[in-house]
Amino acid sequence: MSRRPLREIAHARAGDKGNRSNVSVFAYAAEHYPVLLAEVTPARLKREFGGVLRGEIVRYELPNLNGINLVSVNESLNLDGHGKSWSSLILGMEIEVP
Amino acid sequence: MATNDIYRIATGAGFSSDRLDPAVDLVKRGQLDAIVFECIGERTLAFGHRDRQADADKGYTPLLERRMRAMLPLCRKHGTRLITNMGVANVRGAAEATADVARDLGLAGMKIAAVLGDDVSDAIPDDARLSEPGCTVGEVGRPFIGANAYLGADALLPALEADADVVIAGRVADPSLFLAPLRQRFAWRGDDWPVLGAGALVGHLMECAALVTGGYFADPGVKDVADLAAVGFPLAEVAADGSAVITKLPDTGGRVDEQVVKEQLLYEVHDPAAYATPDVLADFSTAELEEAGADRVRVSGGTGAVRPEKLKVTVAFDGGYLAEAEVSYAGANAAARARLAGDVVEERLARVHGSNAPRRVDLIGVASIHASAVTGPDESRDVRLRCALRAQSREEAEDLLWEVESLLNCGPSGGGGYRGHVTPSVMTYSTFDRVSPSVEVIET
C-alpha cells in the first residue's frame, strides 16, 4: 500500500446544472477502478470537504468507463458559484493505493 | 443502406461567448451537413427576458449579428444548415435580425425558420408547483421574469422539413438541437427509444463544443493538450444506428481521445442511466468508447427509454443584486491585514447598516474558493480580500461596496487595488408542463 494523491491515478471533470454540481472521476488504469470505489466514497468526501460539498453527496458507478459520478449542491455566493474547481479539490485528496 | 450514409454535424458554439474562428474553419473544411450553435444557459435566458422587456427588439444572443455575418455566406456556399438556439428570449426578433444580415450580404432566397412555443411566460399560472423549492410560482414572493419550456427535436422537425437554411429556436434541450437533424436524415421514429437515446448521447457529447476536443482538460505536465490556443471544435460522423465518430479537423489544436470523451460523457450529468431530455430518457451507462485513429473516438451503445410525459419548464424570478468588492494587501503580514479588513467589513455591515443579507468573505491567495475545505500552513504575502453579498435592493448592495472601499482610509495599513461591482441576479426554478410549438419561415 502507498499513500498517493488521487490525481496520480485518476482524472476528473466538474459540471453544473441548476444548483447542483457533479464531478466525474475516472481511473487512468482499469486496475485502479476498485481503488476509486473503495477510497472516493460520499462519506469520506463529506468528512474532508463538507464545508464546500454541501448536502447529500450521491455517487453513481460506471464500471464500463472505470469512472464514478459524484453529485452535490453548489453555493451561489462563492467566487466559483458553479463548483467548477471541485475536480481539482477532489483530485488533491490522499488515497491508499495497493 | 449505403455504407457512406454518414451525417456530418459539427458544433459552432458551446456557449454564448464561445469563439467564432473554429466554426468558420469547420464550415470551410468540414464538408458539413449541419452546424449547431448552442448559446443558452439558464441565466442567459432570464437576462434575455430582461433585455427584451427593456427593448422589444432585443432579448436574443448579443453576438447574433456577428456570428451570422461570418457564417451565412459560408453556410450557403458549402450547403451547410445552421441550427441554433440563439433566439434566446426573442426568437422572432433573432430570425428577423438574421434575415436582415442575409439581405445586407446579398443572400437572396435564404429560408430562415423561427421555432416558437418555448416561451410560456403568459401561460404559467400562479398556482403552478415548482419542484424546488416545493412551493407555487405565486408563493416565491419575488417578481416573475419569464418561463420557458425545454422543447425537443419534434419542435424543430417542421423547420427542417420546410428546407430551412437556418433554424433559430429559443429554449430547446441542448442534445435535441443535434437529434432533430439526425431524426430527419435517418427517419428515426419519435418512439424508437434506443436509437433516440444513442442520438441524444451524440448530442450531449457535442453540445459544449471544445469540451469534447480538449478544452477544459489541460493540466500541464499531467494532461497535456497540443496547441490549446487553436483548439478545434468537434465534428461528429453519425451513422444510421446512432453510433458516431467524434473527431475534429486536421491541423487544429486539441485532442480527441478516450480520456477527453469520457470526461464529457458525464459532464453536467447526474444519473447516467436516466438522463432526461424532451425526446427520450437517455441511458449513457451502457455507452462504449473506442479510439479509432488519431483524434477519433467511436461512440456506441447509448440507449434510452420512453420520454417524460411533460416538458421541463424553467421559471425565472428576480434574484435581487449580487454585490462583490475586493481590495489587496501585500508584503509581510498581508494575510493578517486582509483578515482584519474582512472582520471590519463584517462588523460594520451588522452594526452600522443592520444588514443580515447572506454574505461571504474570502481571502484570495490564502483560501478563496475552497475556503472551508482546505487550510494551508503557509500564509501568502499577496492576498486579496473578496466580499460578496446578496441584497434585495441596489442600495443595500452598494453598502457593501462602500464599506470595502472605505477600508482604503479607515482600514488596515497598505490596502490597494479596490474594485467593486453590483450585478442584477436571477433565480431559476423548475416546473413541468405541456406546450404546443410552431414554426414560422422568413424567406430573404
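Predicted model: local features only at pLDDT ≥ 70, side-chain atom pairs only at ≥ 80, totals over all residues.
Local features need pLDDT of at least 70 and side-chain atom pairs count only at pLDDT 80 or more, while totals for chains, interfaces and linings use all residues. Residues are numbered from 1 along each chain as its sequence is written, chains are lettered from A in the order in which they are written, and side-chain values use heavy atoms, with hydrogens and water left out.

**View 1. Where chain A meets chain B.** The contact (heavy atoms within 4.5 Å) takes 39 residues from chain A and 44 residues from chain B. Together the chains bury about 3500 Å², meaning accessible area (1.4 Å probe) lost on being put together, summed over both. Of this, 53% is on carbon and sulfur atoms. On the chain A side, look for R13(A), L77(A) and L79(A), which lose the most area to chain B, together 23% of what that side buries.

**View 2. A salt bridge across the interface.** Here the side chains of R7(A) and D219(B) meet, N to O, at 3.1 Å. There are 2 salt bridges between chain A and chain B, each a side-chain nitrogen of Lys or Arg within 4 Å of a carboxyl oxygen of Asp or Glu.

**View 3. The second largest pocket.** A12(A), S87(A), S88(A), F217(B) and K223(B) lie nearest its centre, among 19 lining residues. A pocket is an open set of points on a 1 Å grid over the protein atoms alone, where a 1.4 Å probe fits, with protein on both sides within 12 Å along at least five of seven lines; lining residues have an atom within 4 Å of a point.

Key: Buried area = accessible area lost by both parts, 1.4 Å probe.
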